[in-house]
Every structure is written in C-alpha cells, then in structure tokens.
Amino acid sequence: MRVTFTVNGREESADDVWEGESLLYVLRERLGLPGSKNACEQGECGSCTVYLDDVPVCACLVAAGQAEGRQVRTVEGLAEGDRLDPVQEAFAECGAVQCGFCTPGLIVQAHDLIARTGRPSDAEIREALAGNLCRCTGYEKILDAVRLAARRKAAT
C-alpha cells in the first residue's frame with residue numbers, strides 16, 4: 001500500500017508499505033529520517049517518540065498506515081533550518097547527551113511538556129519523562145536541560 005502523510009511540514013509518500021510496518025521503520029528506512037531511534041520495538045523506552053497530530057507517540061507502536069493523511073513531526077522537525085529548538089540547544093549545553101540513543105525521544109517529550117505547561121516543576125518533568133529510558137546520563141543533566149529550556153522559552 002502507499003502511505004502519504006506530512007512529515008516536518010512536507011508531504012511524503014512511501015510505496016509498498018506492508019500492513020505490519022511501523023511508522024518508525026518508514027521514517028528511518030524509507031524517508032531517511034534517522035533521528036528517532038529503534039531500541040526496544042515495544043514502546044517501553046521512548047527513544048522513537050515523535051509527534052503524531054501534535055501528540056507524542058512511540059513510532060514503533062504506530063502502524064505506518066495509521067499515519068495516512070496525518071501530521072508527523074520528528075526531532076529533526078523541531079529545528080527551524082539551521083537553528084536548533086531551545087530544547088535541543090539546552091540538551092547540548094547541559095551535556096544531557098552521551099550515547100545519544102535516548103536523546104531524540106527525550107527531546108520530543110520535553111518539548112511537548114514545555115509547550116503544555118510552560119515552566120514545569122521537577123515532579124512534572126520526572127512524570128513526563130518516565131516513559132523515556134536512559135542508560136548513560138543518570139538523568140540529572142537531562143533534568144537540568146529541561147529546566148534550562150523551560151526558563152528560556154518562558155523568557156521569550
């Protein structure tokens with residue numbers, strides 16, 4: 001089947017998509033958007049988090065056909081041209097990335113949290129990121145990055 005949807009503001013199509021193919025696979029392998037990572041394939045780690053119609057979802061759990069006619073925004077789509085989103089900048093500045101595997105999902109989830117709440121409390125940050133697993137950073141630098149991004153977004 002052919003699946004057509006909007007990805008990061010551009011209409012895209014993928015041909016010969018089989019029924020069980022995930023949105024994650026289509027994004028990475030067919031459309032060349034490697035930002036979302038394929039780690040657990042069970043929706044447990046959050047590394048593949050993308051927006052689907054402005055709602056964060058684990059792309060590994062979404063059948064590609066479910067994206068037909070919808071809007072998808074990946075971590076690549078958060079930046080505007082060469083200008084990173086404040087959340088992306090904060091993660092880099094705070095050293096909230098090590099191996100980078102969890103980072104795209106954490107950034108998308110943090111982006112959503114800040115967009116919804118403005119300046120989230122530490123408890124809200126921890127709750128929002130609870131579905132995103134990281135084995136390298138120990139989470140403190142991730143929390144620092146979300147706090148910094150929220151402060152910067154609130155100041156604009």
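A: Before the fold is read, one definition is needed: a contact means heavy atoms within 4.5 Å. The model discussed here is predicted.

Q: Among contacts with a separation of 6 or more, what percentage comes from residues 24 or more positions apart?

A: Residues 24 or more positions apart supply 55% of those contacts in the protein.

Q: Which order do the helices and strands follow along the sequence?

A: The protein contains 5 helices and 5 strands, and they run in the order β-β-α-β-β-β-α-α-α-α. With a radius of gyration of 15 Å, close to the 15 Å that the globule rule gives for 156 residues, the protein is therefore as compact as a globular protein of that length. The C-alpha trace spans about 45 × 30 × 25 Å along its principal axes.

Q: How is the burial of a residue such as Thr103 to be judged, and is Thr103 buried or exposed?

A: A residue counts as buried when its relative accessible area is under 20%. Thr103 has a relative accessibility of 8%, so Thr103 counts as buried. This residue belongs to helix α3, which covers residues 103–117. Leaving aside residues up to four places away in sequence, Thr103 touches Phe91, Ala96 and Val97. Across the 156 residues of the protein, 46% count as buried.

Definitions and conventions
Residues are numbered from 1 along each chain as its sequence is written. This is a predicted model: local features need pLDDT of at least 70, side-chain atom pairs count only at pLDDT 80 or more; totals for chains, interfaces and linings use all residues. Side-chain values use heavy atoms; hydrogens and water are left out. Helices (H or I, at least four residues) and strands (E, at least two) are DSSP runs, numbered from the N terminus. The radius of gyration is taken over C-alpha atoms; the globule rule is 2.2 Å times the number of residues to the power 0.38. Buried means under 20% relative accessible area, exposed over 50%, partly exposed in between (1.4 Å probe, protein chains only).
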